[in-house]
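Please keep the structure open beside the text as you read the numbered points.

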4 protein chains.
Amino acid sequence: MNAKQLLEERMPKFVVGVMGQGDGARQEDCAHAESLGEMIAKEQWVLLTGGRNVGVMEAANRGAKRVPGSLTVGILPNRESKASPFADIVIITDMNEARNNINVLSSNVIVACGQVGPGTTSEIALALKADKTVLLLGGTEQAAAFFQDLSAEKIIRVDSAKKAIEIIKSRLHQ
Amino acid sequence: MNAKQLLEERMPKFVVGVMGQGDGARQEDCAHAESLGEMIAKEQWVLLTGGRNVGVMEAANRGAKRVPGSLTVGILPNRESKASPFADIVIITDMNEARNNINVLSSNVIVACGQVGPGTTSEIALALKADKTVLLLGGTEQAAAFFQDLSAEKIIRVDSAKKAIEIIKSRLHQ
Amino acid sequence: MNAKQLLEERMPKFVVGVMGQGDGARQEDCAHAESLGEMIAKEQWVLLTGGRNVGVMEAANRGAKRVPGSLTVGILPNRESKASPFADIVIITDMNEARNNINVLSSNVIVACGQVGPGTTSEIALALKADKTVLLLGGTEQAAAFFQDLSAEKIIRVDSAKKAIEIIKSRLHQ
Amino acid sequence: MNAKQLLEERMPKFVVGVMGQGDGARQEDCAHAESLGEMIAKEQWVLLTGGRNVGVMEAANRGAKRVPGSLTVGILPNRESKASPFADIVIITDMNEARNNINVLSSNVIVACGQVGPGTTSEIALALKADKTVLLLGGTEQAAAFFQDLSAEKIIRVDSAKKAIEIIKSRLHQ
């Protein structure tokens, strides 16, 4: 490892949080999440999710781990939760839904992937409270309108994983 | 103190959580909150809020403490937060927004009072996740539609503090 | 209610946290806790415990509720925990052992009652970290020496509930 | 990347938590922590610390990052805390001392490095509560005796970083 590599090793890693439904996530939302996970990993960003082995979390982690050298972090609700086998680092909070605040605070930017349930809603809201940018990928018009009303500036709607990555690259990750 | 009183002392107290904006809350929302606090206290229920000395929290606590024998609990975000002087019991969580989950889990029912910002949105969402009923008092059509879409059954819209109390009495507190 | 009573109602309530073993607490430690709870209530202080229906927590709450007008707060680990029937206000944290920090931050002073297990040790340590005074009632010489080594100033050893109350009255509650 | 490497990428990573004083840590304790960090990284284990840029945390992270391919995780108390520049993944909990429980739950084994203050005491106690093994490297006889009294089985005293690694290899990581 040369000096340049050493330096890169030490640079703070850019973390993208992907949030979405666990049990009961729609197939198309998981497909989006899987693409997103893969693209995040290709950018050498860290993928952060709620860490469970279901739904959007699992799909995003699976996508990321297709990429050699990828790094995935899962923030688990409790000690009994089953972790995604594709999460490299598993943080066990044992504080259940209150861990949603940790998910968003530990991410540089958040992508809410697909249909938004109560858990994801709390994460988007906590992200806005923490002044983070949230990209909505898919989801209903109604949800988008509601969140944009909470913060016109911090909510960005996108229609593909590719577009999400482009926006993160151009506007957030410098 | 006779046997009946002793028994009453021991019965689990019914807790109503009142959530809403802190800094920047609208005057009309605070007026609603103050009425609500007073009516909750008159029913001999416990008022629970986020505990700070501003906005909807402060107004609800002030209303409740007009009633002799009332009991108010404030769940403060951190050690530096200024507590409402009308909060009898102050719980210091030092976990900032993650305390929102404690607010809803410790309440039997939640009333979201007035315009809904990111903090209150997270509380309503966490309440639904915990299978609690949430009454929306005031707030926009758009917010109501969004939350009812998350849970048609658990979200009830009301237009006055009085109506909120009636619904809690008839449907939830038995 | 006259002006003086109203004022008193509004004065911040003084909270004494009583910590100790749950399951497996020794009978003598529970006896101490019960006396302590009763004496705390007689001083019109609020009793705060970990809220479960076993051991030192249950005994302290039972003692307090013998006193008319007493007020007891229990900070429960999670939604499945069984609350003491003698806890008036039950705060559900759903964050398991991490709630120990809330127990100590929300108390003006802490009494560790009896033999000290891992849970109580974490509470004493967190109390010292938060610059709170901790009274050790009972417990081993070894534990007392260890904690006094952590903070000579903040750890006070006492041999009875009565003595604990006296010290709190004279040195802490003014 | 061949099949074997892919598989290895997917195997759950073994995490060693190194805990100890932040501000005011002794120089010798930091020296131990730095060796420990380096040795943990050489075993290809993940190093987990409280994440701040001082004391034992900083030293352990610095040691680990001397090793190419190492991975370090820091669990920060709050949004204002300064992270170690040698922490690859920074988890922001914003729950201050309550994050100590996350530190221990997310580690497979804990090494308490050097003199034990209140924060580290809470972590050792929470680790025992969670049934984790804790190695004490350095520290006083008195502290060791106290913790061994809490759990004879889970507390292991060692006198060097090398010995700590040997014990983890032989008894815990298989």
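1. A word on the ground rules. This is a predicted model, in which local features need pLDDT of at least 70 and side-chain atom pairs count only at pLDDT 80 or more, while totals for chains, interfaces and linings use all residues. Residues are numbered from 1 along each chain as its sequence is written, chains are lettered from A and ligands numbered from 1 in the order in which they are written, and side-chain values use heavy atoms, with hydrogens and water left out.

2. Now the contact itself (heavy atoms within 4.5 Å). Chain A brings 29 residues to the contact and chain D brings 29 residues. The copies meet through the same surface, because 100% of the interface residues of chain A are also interface residues in chain D.

3. How much area do chain A and chain D bury between them? The figure is about 2400 Å², with 63% of it on carbon and sulfur atoms; buried area is the accessible area (1.4 Å probe) that two parts lose on being put together, summed over both. On the side of chain A that touches chain D, the elements that give two or more residues are α1 (3-10), β2 (46-49), β3 (72-76), β4 (89-92) and α4 (100-105) of chain A. Helices (H or I, at least four residues) and strands (E, at least two) are DSSP runs, numbered from the N terminus. With four residues, β4(A) gives the most to that side of chain A.

4. The residues on the side of chain A that touches chain D divide into 18 nonpolar, four polar and seven charged. Here Ala, Val, Leu, Ile, Met, Phe, Trp, Tyr, Cys and Pro count as nonpolar, Asp, Glu, Lys and Arg as charged, and the others, Gly among them, as polar.

5. How many salt bridges are there between chain A and chain D? The count is zero, a salt bridge being a side-chain nitrogen of Lys or Arg within 4 Å of a carboxyl oxygen of Asp or Glu. Over all chains, the structure holds 44 salt bridges.

6. One of these joins the side chains of B:E34 and B:R62, at 2.9 Å from N to O. The pair links distant parts of the chain, 28 residues apart: B:E34 lies in helix α2 (residues 27-42) of chain B and B:R62 in helix α3 (residues 55-64) of chain B. B:E34 is buried at 18% relative accessibility, whereas B:R62 is partly exposed at 32%. The cut-offs are under 20% relative accessible area for buried, over 50% for exposed and in between for partly exposed (1.4 Å probe, protein chains only).

7. Please also look at chain C, where C:E141 forms a salt bridge with C:R157, the closest N and O atoms being 3.1 Å apart. Is C:E141 buried or exposed? C:E141 is exposed, with a relative accessible area of 60%, while C:R157 is partly exposed at 33%.

8. In chain D, a salt bridge of 3.1 Å (N to O) joins the side chains of D:R26 and D:D29. D:D29 is buried at 4% relative accessibility, and D:R26 is partly exposed at 30%.
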